[in-house]
Structure formats: C-alpha cells, structure tokens
Amino acid sequence: LFICIDHVGLAVPDLDEAVKFHAETFGWRELHREVNEEQGVAEAMLGTGEQGEENAKIQLLAPLRPDSAIGKFLDRNGQGIQQLAYRVKDLDKVSEVLRARGMRLLYPEAKRGTAGSRINFVHPKDARGVLLELVEPAVDPDH
Ligand code: V0V
C-alpha cells in the first residue's frame with residue numbers, strides 16, 4: 001500500500017530557530033521551504049542529502065495562526081512529533097482502500113501539500129493515536 005516513510009513532521013513554534021537548531025546540532029540540510037495558507041503552516045523540509053536525491057526527511061511545521069492544526073497542537077502538547085507521513089503512488093486508490101478498511105480520512109478529496117504533492121490524513125483516533133499523513137509526491141516537484 002505504501003512506498004516508504006516520506007517524512008516525520010515536528011511542530012515547532014519558530015521555524016527559523018528550529019531549522020538552525022536541527023541543522024547545527026544534527027546536521028540536517030534544508031531542502032525546501034514554503035508557506036501553505038490552507039494548512040495554516042510555514043514549513044521547512046530537511047533532509048540527510050542533496051535536493052533531488054532520496055533522503056531521510058523531517059518536516060518542521062510552524063503555525064501561521066493560533067487556531068490552525070499546528071497552533072492547537074502546540075497549545076495542547078508543546079513542540080514535538082505531530083505526524084508520520086507515508087508516501088503513496090496513488091493517493092485516491094489508497095484512500096479508497098483505507099476507507100473500506102474503516103479508516104476516516106480527514107478530507108473528502110486530496111489537498112495540496114509540500115512541493116506540489118497531494119495529501120490527505122487518517123484521523124489519529126483511527127490510526128491508534130498517530131496522525132498519519134498520506135503523500136503522493138508531484139511528478140516533477142520543481143514545476
Ligand atoms: C489531535 N489529536 C492527535 C493529534 N492531534 N493525536 C495524535 N497526533 C496529533 N497530531 C487527538 C487529540 O488529542 C484528540 O484526542 C483527538 O485527536 C481529536 O482531537 P480534536 O479536538 O477533535 O481535533 P483537533 O482540533 O485536535 O484536530 C486534530 C486534527 C487536526 C487531526 C483533526 O490536527 C487536523 O485537521 N490535522 C490535519 C492537518 C494538519 O495537521 N496540518 C498541518 C500540517 P482526545 O483528546 O479526544 O483523546 S500540514 C502538512 O503536513 C503539509 C502541508 C505537508 O506535509 O505537506
């Protein structure tokens with residue numbers, strides 16, 4: 001069903017400070033940064049290697065607004081792991097299979113995620129306490 005773990009998402013209060021910390025302390029490299037208004041986040045994708053090659057990745061997620069998903073998460077839990085993201089080849093097909101297996105997906109249709117990807121989420125209550133993101137990467141992430 002899944003190709004691999006795409007990334008682990010960490011909720012952080014301050015994106016610049018968090019990027020600096022993870023780069024200087026653990027050697028992560030910044031691959032990509034963007035603001036996603038719909039999701040209410042400023043995000044940075046950090047990897048172990050070069051942009052364009054396969055990387056282990058973490059995604060740092062800072063809230064644009066207090067009432068966003070990340071804003072609420074920080075309020076309730078403080079900073080830390082907010083999501084686990086699985087990479088999929090065909091998000092619509094995987095969503096259909098998971099719905100048939102009783103999982104609630106948060107959105108009826110895929111939404112836009114990082115670098116032009118298509119994303120949806122399995123409700124954390126159904127995934128046994130884990131907010132599971134499903135990511136179908138863009139065919140060409142630069143366009
Ligand atoms: C909430 N809960 C979690 C959780 N957030 N459990 C594990 N991990 C999390 N991150 C628990 C919460 O403690 C409640 O448990 C229960 O789920 C339901 O909570 P709720 O009050 O009904 O709902 P909220 O308001 O806490 O919202 C939770 C959801 C929200 C998951 C619905 O965070 C959401 O819509 N997330 C999807 C979008 C998102 O996360 N966007 C930011 C990343 P109890 O207390 O009932 O036991 S954007 C992104 O990843 C991008 C752009 C990308 O990757 O490309």
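Asparagine 120 stands opposite leucine 134 in S8. The pairing of S7 with S8 is antiparallel and spans five bridges. Strands and helices here are DSSP runs, numbered from the N terminus, with at least two residues (E) for a strand and at least four (H or I) for a helix; two strands pair if DSSP finds at least two bridges between them. The model is a predicted one, in which local features need pLDDT of at least 70 and side-chain atom pairs count only at pLDDT 80 or more, while totals for chains, interfaces and linings use all residues. Residues are numbered from 1 along each chain as its sequence is written, and side-chain values use heavy atoms, with hydrogens and water left out.

S7 is also joined to S6, antiparallel, by two bridges, and arginine 112 stands opposite arginine 118 in S7. Four of the five residues of S7 are buried, leaving the strand mostly covered. Buried means under 20% relative accessible area and exposed means over 50%, with partly exposed in between (1.4 Å probe, protein chains only).

## Sheet order

The open sheet is made of eight strands in the order S2-S3-S4-S1-S5-S8-S7-S6, with mixed pairing. Its edges are strand S2 (29-36) and strand S6 (111-112), each of which pairs on one side only. Strands of a sheet pair through backbone hydrogen bonds, either parallel or antiparallel.

S2 and S3 are antiparallel over seven bridges; asparagine 36 stands opposite valine 41 in S3. Strand S1 (residues 4-11) pairs with S5, antiparallel, also over seven bridges, and cysteine 4 stands opposite arginine 87 in S5. S1 and S4 run parallel and are joined by four bridges, with alanine 11 opposite leucine 61 in S4.

## Nonpolar cores

A nonpolar core is a set of buried Ala, Val, Leu, Ile, Met, Phe, Trp, Tyr and Cys residues joined through side-chain atoms within 4.5 Å. The largest one has 12 residues, including Leu10, Val19, Trp28, Leu46, Ile58 and Leu60. Helix H1 (15-26), strand S3 (41-47) and strand S4 (57-63) are the elements that give two or more residues to this core. Apart from it lies another core of 10 residues, among them Leu91, Ala127, Leu132 and Leu134.

Contact means heavy atoms within 4.5 Å. Not counting residues up to four places away in sequence, tryptophan 28 touches His22, Ala23, Leu46, Gly47, Thr48, Ala56, Lys57 and Ile58. Histidine 22 lies in helix H1 and counts as buried because its relative accessibility is 13%. With neighbours within four places left aside, the contacts of histidine 22 are Leu10, Gly27, Trp28, Leu46, Ile58 and Leu60.

## The largest pocket

The largest pocket has a volume of about 830 Å³. On a 1 Å grid over the protein atoms alone, a pocket is an open set of points where a 1.4 Å probe fits, with protein on both sides within 12 Å along at least five of seven lines; lining residues have an atom within 4 Å of a point. Grid points are joined across faces, edges and corners, and a volume is the space filled by probe spheres set on the points.

Of the 33 lining residues, Ala69, Phe73, Gln82, Pro124 and Leu131 are the closest to the centre of the pocket. At least two lining residues come from each of S3, S4, helix H2 (69-77), strand S5 (80-87), strand S7 (118-122) and strand S8 (132-136). H2 gives the most, with six residues. The lining divides into 15 nonpolar, 12 polar and six charged residues, where Ala, Val, Leu, Ile, Met, Phe, Trp, Tyr, Cys and Pro count as nonpolar, Asp, Glu, Lys and Arg as charged, and the others, Gly among them, as polar.

## Loop residues

Leucine 64 is in the loop between S4 and H2 and is partly exposed, with a relative accessible area of 34%. Neighbours within four places aside, leucine 64 is in contact with Val35, Asn36, Glu37, Gly40, Val41 and Ala42. Glutamate 50 is 14 residues from leucine 64 in sequence and 28 Å from it in space, C-alpha to C-alpha.

Most residues other than glycine have a negative phi. Alanine 115 has a positive phi near 50 degrees; this residue belongs to the hairpin of S6 and S7, which has five residues between the strands. Arginine 128, in the loop between S7 and S8, has a positive phi of about 60 degrees. Arginine 128 counts as exposed because its relative accessibility is 77%.
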